[in-house]
Amino acid sequence: MKKKLLVGLVTGLFLSGVVGVASANVLTFDTNSTPGISLGGSMMWNGTGGGHLYNENYYDNDFINFDIDTYVNDFQMNAMPWEGYGGGNVGLIDIIALNSVGDTIWNTTADLTNYTDWNNWLTISVETADVAQLQFIAPGNAPHHNGFWPSVDNLRVNENAPVPEPATMLLFGTGLAGLAGLRRRQGRK
């Protein structure tokens, strides 16, 4: 019995290690072309101070569109459009995640007032599946009426999506079966 339990646990661990590998990815926008996404509205790429995206026009909305529905973990924002920029009326920006049919599945308002130093970025946690588009509501529009061009960088996607994988369930089931067998064996003594 112990041998069967050990073989089951080792097999379960092996399968969870092979099948359970997440396809985590950090989009750093180091170049002006990032596979898997397209930009919409006035979202722009800039390489000053390192590659990143920024919201170009505060009278318009800016988008990051995903080629396929994506689990979005988080991303970083800074109030400046590029390193060395020294203007703007910094404040709040609304951010929305939409699914493929255009329904809002997540939203937040980020306060970038204290993020004007290029070495200080705010991490925005999303932790939402099935995102087809991230929409940045232009900070110049109501209700905020700020005039700034915030940057977006280090978009982390598909890392540890909270969906049990078959191998994880197999490992869990193997452990339960082993415990049940052990309990039954102890009951016979």
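A nonpolar core is a set of buried Ala, Val, Leu, Ile, Met, Phe, Trp, Tyr and Cys residues joined through side-chain atoms within 4.5 Å. In this predicted model, the largest such core holds 32 residues, and the members that touch the most others are Ile 64, Phe 75, Leu 134, Phe 136 and Leu 155. At least two residues of this core come from each of strand 5 (62-78), strand 6 (92-98), strand 7 (104-111), strand 8 (122-137) and strand 9 (151-157). The most is given by strand 8, with six residues. In soluble globular proteins, nonpolar side chains tend to be buried together.

The mean pLDDT is 83, and 72% of the residues reach 70 or more. Over residues 9-21, pLDDT stays under 50, and the model has 15 contacts beyond four places in sequence for this segment.

Strand 5 has pairings with strands 2, 8 and 9. Of its 17 residues, 13 are buried, so strand 5 is largely enclosed by the rest of the structure. With strand 2 (residues 37-41), strand 5 pairs in the antiparallel sense over five bridges, and Phe 63 of strand 5 stands opposite Gly 40. The pairing of strand 5 with strand 8 is also antiparallel and extends over ten bridges; here Thr 70 stands opposite Val 131 in strand 8. Strand 9 runs antiparallel to strand 5 and is joined to it by five bridges, with Asp 153 in strand 9 as the bridge partner of Gln 76.

Asn 65 is also found in strand 5. Its side chain makes a polar contact of 2.6 Å with the side chain of Gln 133. Beyond four places in sequence, Asn 65 touches Gly 36, Ile 37, Ser 38, Leu 39, Gly 40, Ala 132 and Gln 133.

Five aromatic pairs are found in the whole structure. In one of them, the ring centres of Phe 75 and Phe 136 are 5.8 Å apart and the planes stand at 75 degrees, so the pair is edge-to-face. This pair links distant parts of the chain, with Phe 75 in strand 5 and Phe 136 in strand 8, 61 residues apart. Both Phe 75 and Phe 136 are buried. Tyr 85 and Trp 149 form another edge-to-face pair, at 5.9 Å centre to centre and with 80 degrees between the planes. Because Tyr 85 lies in the loop between strand 5 and strand 6 and Trp 149 in the loop between strand 8 and strand 9, the pair ties together parts that are 64 residues apart in sequence. Tyr 85 counts as partly exposed, at 25% relative accessibility. Ring pairs also link Tyr 85 and Trp 149 with Tyr 54 and Trp 82 in a cluster.

Apart from residues up to four places away in sequence, Phe 75 has contacts that include Ile 95, Leu 122, Ile 124, Val 126, Leu 134, Phe 136, Val 152 and Leu 155.

Met 44 lies in strand 3 (residues 43-46). Its relative accessible area is 37%, so Met 44 is partly exposed. Beyond four places in sequence, Met 44 touches Leu 39, His 52, Leu 53, Tyr 54 and Glu 56. Met 44 and Pro 81 are 37 residues apart in sequence, and their C-alpha atoms are 9.4 Å apart in space.

Notes:
Residues numbered from 1 in each chain as written. Heavy atoms only, no water. Buried < 20%, exposed > 50% of the residue type's maximum accessible area, 1.4 Å probe, protein only. Helix = DSSP H or I, 4+ residues; strand = E, 2+ residues; numbered from the N terminus. Contact = heavy atoms within 4.5 Å. Pairing = 2+ DSSP bridges. pLDDT = per-residue confidence, 0-100. Polar contact = N/O pair within 3.5 Å; in protein donor to acceptor, adjacent residues only side chain to side chain. Phe/Tyr/Trp six-rings, centres within 6.5 Å; stacked < 30°, edge-to-face > 60°.
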